[in-house]
Amino acid sequence: MAGVVTGQANMGAAPDAEAIERVARATLARLPAAFAAHLGDVVLIVEEEADDETLAAVGLEHPLDLTGVYHGRPLGEKSSMDSGALPDRIHLYRQAILAEWVETGVRLDDLVAHVVIHEVGHHFGLSDADMHALEDAAA
């Protein structure tokens, strides 16, 4: 992907939030149409790190332990009677993603895609096996 470092994190400045968002949006664009059709209202947000409230909600203490989170109700739990709720959101946490990138050596675009698809999976209420199948389909 142009403008995004994909190998080990030894090539100068770390990718910024915009670079991570570009990879995330490219991942979303590669999803099968059946999934993409239901993601139009989901907001994608890249932040530096998770706040204390989010960490507590998922049972973690350190912000580098959380690369992404889905805020919302899975599609299967939604009702036509729902109103006034915030839009569903996928949050990606740049510092945690970069830390995992450095630690694992996984290509940054592959790592971001993995996190995005995992959070998309939560939106659809998918199992881990289904998330892996979706990741393969978007590769």
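In which loop does Thr 67 lie? I am working with a predicted model, in which local features need pLDDT of at least 70 and side-chain atom pairs count only at pLDDT 80 or more, while totals for chains, interfaces and linings use all residues. Residues are numbered from 1 along each chain as its sequence is written, and side-chain values use heavy atoms, with hydrogens and water left out.

**Entry on Thr 67.** I found Thr 67 in the loop between helix 3 (52-58) and strand 2 (68-71), where helices (H or I, at least four residues) and strands (E, at least two) are DSSP runs numbered from the N terminus. Thr 67 has a relative accessible area of 16%, so I noted it as buried, a word that means under 20% (1.4 Å probe, protein chains only). Leaving aside residues up to four places away in sequence, I listed what Thr 67 touches, including His 91, Tyr 93, Ile 97 and Val 115; contact means heavy atoms within 4.5 Å.

**Entry on helix 1 and helix 5.** I looked up the axes of helix 1 (residues 17-29) and helix 5, which come within 9 Å and cross at roughly 60°; axes are lines fitted to C-alpha atoms, for helices over the stretch in contact, and angles run from 0 to 180 degrees between N-to-C directions. The two helices are therefore oblique to each other, since angles under 35 degrees count as roughly parallel, over 145 as roughly antiparallel, 65 to 115 as roughly perpendicular and the rest as oblique. Among the residues making the contact I wrote down Ile 20 and Leu 28 of helix 1, and Val 112 and Val 120 of helix 5.

**Entry on helix 5 and helix 6.** The axes of helix 5 (residues 108-124) and helix 6 (residues 128-138) also come within 9 Å, and they cross at roughly 130°, which makes helix 5 oblique to helix 6. In this contact I noted, among others, His 114 and Gly 121 of helix 5 and Met 131 and Leu 134 of helix 6.

Key:
Buried < 20%, exposed > 50% of the residue type's maximum accessible area, 1.4 Å probe, protein only.
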